[in-house]
Amino acid sequence: MMVKSPKPKNRGGSLFLFYCFIFIFFLCVIASINEVRFDTLLRFGKCALSNNTLATTSSISEEPEMRILIAVLTLPDQYLRRHFLRLIYGSQKPEGAKVDVKFVFCNLTKEDQKVLVALEIMRYDDIIILNCTENMNKGKTSTFFSTLPEIFNETNGNNAPYPPYHYVMKADDDTFVRLNALVESLKPLPREDLYYGFVIPCGSMDPFKNYMSGMGFVVSWDIVEWIHGSDIPKKHVEGPEDKVFGDWMRLGRRGKNRYNAKWSMYNYPDPPSVCSHELVPNTIAVHLLKNQEKWIRTLNFFNFTRDLNPSKMYHIS
């Protein structure tokens, strides 16, 4: 009887399993290391993102760009004057502020106005039509200021900055405002309870005893909102609009931050007086530019067209 010898063990299979185990263990170790590295990178990325967010938040929390509304009170039929003023203000490039210029008048009363003004709005979008009858000293200024919050606070949307404007300037259409000079003059001034302009009577120059000339004065947005909600302006409407405005400030104890601005009333060719004088380089605004000659002399004095670029398409000597 033959006895079968035992089969030799399959060493190759055992080694294969052993190497597979070592390989799998090695893969697990590498995966674990990579997971640690990824987690570290992820935490580092979150930290960097957090730091970047803080930096962005910090930059956002800085003082925002100044926003100024210049409202030129005029009449519906003053088409040529508005086009001219668009040239004047559109040619200026104020630095450090966003300056919007709007033209303001009361309800339209003629058919040609409804067509021509509508065309202006379609082209320029710079007109505010108040719900009032055209007037100078019977409430137009009151209607303008009290209407502003209804226009801008309610139509700017949730993502719009507040206030919509830090400052609102009321100006006449015979006033030339030098935008950069205005911006620079406002930079050091408060953005609340501000009443800023050319003090009259001219001999006083004390802004706390008198009021600012209607040719152009500036108030902060909180005063605009106060006018909108207070009964004081509503009960005192008629009279010289600049004096009436000063009465509101006095009766309402508003405008505690008052400053006299470097405005000029230009009565050329009449000789200078207490209120009117020759132009000076640091003037912020010039008033009483009632005709083209005065405008041209004023623009030449400030070398207004100095930034005209040379071109083969024109020659202006």
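Modeller: A residue counts as buried when its relative accessible area is under 20%, as exposed when that value is over 50%, and as partly exposed in between. Keep in mind that this is a predicted model.

Start with Arg254. Its relative accessible area is 18%, so Arg254 falls under the 20% cut-off and is buried. Its partner is Asp222. The two form a salt bridge, with 2.9 Å between the closest N and O atoms. This pair links distant parts of the chain, 32 residues apart. Arg254 sits in the loop between H8 and strand E8 (257-260), while Asp222 belongs to helix H6 (residues 221-229). Asp222 has a relative accessible area of 23%, so Asp222 is partly exposed.

How many salt bridges are there in total? The count comes to 16. Another of them joins the side chains of Lys170 and Glu241, at 2.9 Å from N to O. This pair, too, links distant parts of the chain: Lys170 lies in strand E4 and Glu241 in helix H8 (residues 241-251), 71 residues apart. Are these partners buried or exposed? Lys170 is buried, and Glu241 is buried as well.

Helix H8 also holds a pair of its own. Lys243 and Asp247 lie four residues apart there, about one turn of the helix. Their side chains meet in a salt bridge of 3.7 Å, N to O. Lys243 has 37% relative accessibility, so Lys243 counts as partly exposed. Asp247 is buried, at 11%. Elsewhere, salt bridges that share partners join Arg82, Arg86, Glu120 and Asp126 into one network.

H2 covers residues 79-90, twelve in number. From first C-alpha to last, H2 reaches 16 Å, close to the 16 Å expected at 1.5 Å a residue.

Asp173 is placed in the loop between strand E4 (167-172) and strand E5 (176-177). The side chain of Asp173 makes a polar contact of 2.9 Å with that of Thr74. Asp173 has a relative accessible area of 15% and is buried.

Now the covalent link. Which cysteines are joined? Cys106 and Cys132 form a disulfide, S to S 2.0 Å. A search of the whole structure finds one disulfide. The link is left-handed, with -85° about the S-S bond. Cys106 is buried at 0% relative accessibility. Cys132 is buried too, at 12%.

Last, a surface feature. Val115, Leu116, Leu119 and Met122 make a nonpolar patch of about 410 Å². Leu116 is found in helix H3. Leu116 has a relative accessible area of 36%, so Leu116 is partly exposed.

Conventions. Residues numbered from 1 in each chain as written. Predicted model: local features only at pLDDT ≥ 70, side-chain atom pairs only at ≥ 80, totals over all residues. Heavy atoms only, no water. Helix = DSSP H or I, 4+ residues; strand = E, 2+ residues; numbered from the N terminus. Expected span 1.5 Å × (residues − 1). Disulfide = S-S within 2.5 Å. Buried < 20%, exposed > 50% of the residue type's maximum accessible area, 1.4 Å probe, protein only. Patch = residues over 30% accessible without salt bridge, like charges linked within 9 Å, V, L, I, M, F, W, Y side chains within 5 Å. Areas by Shrake-Rupley, 256 points an atom, 1.4 Å probe, with all protein chains shown as cover. Salt bridge = Lys/Arg side-chain N within 4 Å of Asp/Glu carboxyl O. Polar contact = N/O pair within 3.5 Å; in protein donor to acceptor, adjacent residues only side chain to side chain.
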